[in-house]
Amino acid sequence: MKADVQERPEVAGAAHAGSDREIGDVVLSVENVSLAFGGVKAISDVSFDIRKGEIRAIIGPNGAGKTSMLNVINGFYHPNQGTITFKGRKRSVMRPYIAASQGISRTFQNLALFKGMSTLDNIMAGRALKMRRGLLWQALHWGPALSEEIKHREAVEKIIDFLEIQHIRKAPVGKLPYGLQKRVELGRALAMEPELLLLDEPMAGMNLEEKKDMSRYILTVNDQLGTTVALIEHDMGVVMDISDRVVVLEYGRKIADGTPDEVQRDQRVIDAYLGISH
Amino acid sequence: MNASIAPADASASALDTVPKLLLHNARQYGSRPAFREKAFGIWQTWTWAQTKDEIEAFAVGLELLGLKAGETVAIIGDNRPHLYWAFCAAQSLGAIPVPVYQDSVADEMSYVLTHAEVKFAIVENQEQVDKVLSVAGDVGTIRKIIYNDERGLQKYDANDLVSIESLQEAGRKALKSDPAVRKAWLDGIAAGKGSDVSVVLYTSGTTGRPKGVMLTQENVVVSGRNANLFDHFTPDDTMIAYLPMAWVGDHIFSYGQAFAGALCVSCPESPETIIEDRREIGPTYFFAPPRVFENMLTQIMVRMEDAGGLKKGVFDYFLKVARRVGEPMLDGRPVSFGDRLRYRLGDLLVYGPLRNRMGFSNLRVAYTAGEAIGPELFSFFRSLGMNLKQLYGQTEASVFITLQPNGEVYPETVGKPGPDVQIKIAENGEVLFKSPGVFLRYYKNDDATAETKTADGWVHTGDAGFIDQRGHLRIIDRAKDVGRLTDGTLFAPKYIENRLKFYPEIKEAVAIGHGREFVTVLINIDLTSVGNWAERNNVIYASYQELAAHPDVYTMIEKRIDELNKSLASEEMVAGSQIRRFLILHKELDADDGELTRTQKVRRSFIADRYAPLITALYDGTKRCLIKTEVTFEDGRKGVIEGDVKIVDMKKYPPVKAAVREAAE
């Protein structure tokens, strides 16, 4: 066996470094978007794009407008100005339903799971948009509805297997530890088979091991399913390791945009994170 | 009569290797289930006939890859049908499987792979592939890694890896295109002998580096067959395989016994789902080390604490009934009609549902071994109607040395010699045995072989014990661990540690005393049990360390040790080894830090080194001691835990046994 196999980087970086995945054309672009809540300017005139197949990180200090930006992208918030172009269609306002049916799915900073439902049902909920049979058929739970459910259940089981959460398949998610709930939420987002996955702080509150696992899941999703990922994350180590390009926001403005290396060297970014003496 | 016995005997003697048993089972029990595995939430079953086809294709694939007779193959992963098949496939080619503990860190793995000179590694998934790749350079002999689960491996260098699936595909193609291939495979199996080396099992290494125990085909096959006879197992019996495949117990139970008796082996979906999976399968045969039963009991009790008054009342009442009549009923001893009726009712309301909850509704026989089990814990499960028994064994014996026969179960003993096993006690108290399971030798370690195995075939177990008047063996300690205090009093550390561990609050204990004036102990509290107590008593804590240092926890442990001292005082042999000082460790003992073996046994000498300042403090009269300990996290990084540990003095009781006996007489 060759000796060079020993010099593999750490697990998190490995799948990424050795992959031959392709970064394609722009799949979503945000142009001159501004968003204000009354007098508070959450986002001012921000433009950036996300290319197909890449992992795009949005970082910035607290209150920089990162979550607002995600909310604008998937239609939770409606910008006062600017446009969002997704898959070639230019919109001034995105609607959540359109975003979802067009292949954008997301997870939330503060978790938005159905706490009383099991892991299985929560992830199954992610398949709702893909179910074709109506309420009556579903209620009868027979014939085409049944075969449809079996098909979707299979897809859900694959996700459960992928995220290694077999042991909590039937546990009510409200009782699960935080790290696992985050994983279930990712599972639900994946159940939609999204083209663009928005992750709002997927690793907040996790320990090192959970972060490593989560990084591996994100990389594998991106690598093997070709899913484009946009994520907000505070752990700079993770961001710099797994993302292709990083956009940095501060006080609602874009202050830098580029590869992790470029961004790390940018004086404005350093100032924003480390502070600056006036 | 004779005529009918002769062929049966002949066929039994011909079935002297596991691959031969495979062919036999495929013919005899072709449509019966052999292996089950849960995949995507659904149990998948392979019959014996299908198992034979799978193994055949696997074996031919391995041969095409260049595996030759006499070469060694590492097998690493959680219990999976494909990995069990890997054993048989390799053996059918005359190659020797070497299972490796799946949770061993790269360094430990490197030692075993290098020592065994493995040519191929058959592994479960990416995690194991990564580990093997990281040591492959040092090992130097590995030609290919064969994996079961493809996830995450697509982008790896294909020169290093091949999947079991594609290997089997190649095997099937070869079998289809050329009938000679199958014939060659079958001829190879027919040429196999009982005296062939079947497997090399590395012992977990309580002391020093692991040793490779070489077992022959006969060792495994006869041990499996004898065990099946002892407990009357039939092809209707089923078990769940969840203990490490590298451990001799799993190898004999889930492989030797399963093939010898055509039993069905079920593999859980993941290590975390065992409890659920066990409930779904309902095994009839179950093995677990004492701590698994301990966890089950703790969980039941914790949940009952939270139950409503009525439920709790019913539970307590019927548990009392079970404690009184459960074991006599299990052993077939006479029990009054009223009690029988009460027990039946209890079975309906409490015991049955409890057994169901734990997945033991169909259980016929359960064994525990590896460590002494608390008498109360043991009786608890037996009183619920579970036929839980103890056995005593080791890798060098292909497990079985003694077993408790049905109806003769005494918690303090480990039973009578198994079928065809002889035991004797040496002068220094060490137990020696001779059996069909006696290992061939240690791999590349003739010195150790000579030390362990006498010229006339007796094997030193290294355990000290005696045979009681009922003919049952009782183990007290490791022979070399039995020491003496400076005043000459006998000191059996394990005896004291086990007595301490029987208290639910104490998870682990290390007793010190050899060559010292008195006995002291280091304690690990049980986080589940003490944590639950803390919750109920509004004691707030953030970590093990904080809880362990809590004054109330100290008081609780002090009370327990006082109880033990009182009881030790009444036992003539050990009255002198009452505990005089103790402390609660600031961290949990962990295999990752080398403090426990992979099978969770305490590594005494290592601990003595690591905690030398604490041990000094135990003997120089100080009340507090500051200690800094390096810890290894699961991902291999290191950190430091610092703690200020309190030391408590205990009261010594005068030996009372003699006085009591005189008074009684």
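I take two strands as paired if DSSP finds at least two bridges between them, and I take helices (H or I, at least four residues) and strands (E, at least two) as DSSP runs numbered from the N terminus.

I note that this is a predicted model, in which local features need pLDDT of at least 70 and side-chain atom pairs count only at pLDDT 80 or more, while totals for chains, interfaces and linings use all residues. Residues are numbered from 1 along each chain as its sequence is written, chains are lettered from A and ligands numbered from 1 in the order in which they are written, and side-chain values use heavy atoms, with hydrogens and water left out.

**Sheet in chain B**

I looked up the pairing of S27(B) with S28(B) and found an antiparallel run joined by 9 bridges, in which B:Thr632 stands opposite B:Lys638 of S28(B). The two strands form a hairpin with 5 residues between them, and B:Gly636 in the turn has a positive phi of about 95°.

I then followed the whole sheet, which is open and mixed, with 5 strands of chain B in the order S24-S25-S26-S28-S27. Strand S24 (506–512) and strand S27 (624–632) of chain B are the edges, each with a single partner strand, so one side of each lacks a neighbour in the sheet. On average, neighbouring strands here are turned by 30° against each other, direction ignored.

I also checked S26 (residues 579–584) against S28 (residues 638–649) of chain B, which pair in the antiparallel sense over 3 bridges; B:Leu583 has B:Ile647 of S28(B) as its bridge partner.

Helix H20 (residues 551–569) of chain B lies across S24, S25 (519–525), S26 and S28, running at about 150° to S26(B); for such angles, axes are lines fitted to C-alpha atoms, for helices over the stretch in contact, and angles run from 0 to 180 degrees between N-to-C directions, contact meaning heavy atoms within 4.5 Å.

**Helix pair in chain B**

I looked up H5 (residues 106–116) and H6 (residues 126–139) of chain B, which pack at an angle of about 55° with their axes 9 Å apart. The contact includes B:Met109 and B:Leu113 of H5(B) and B:Val132 and B:Val135 of H6(B).
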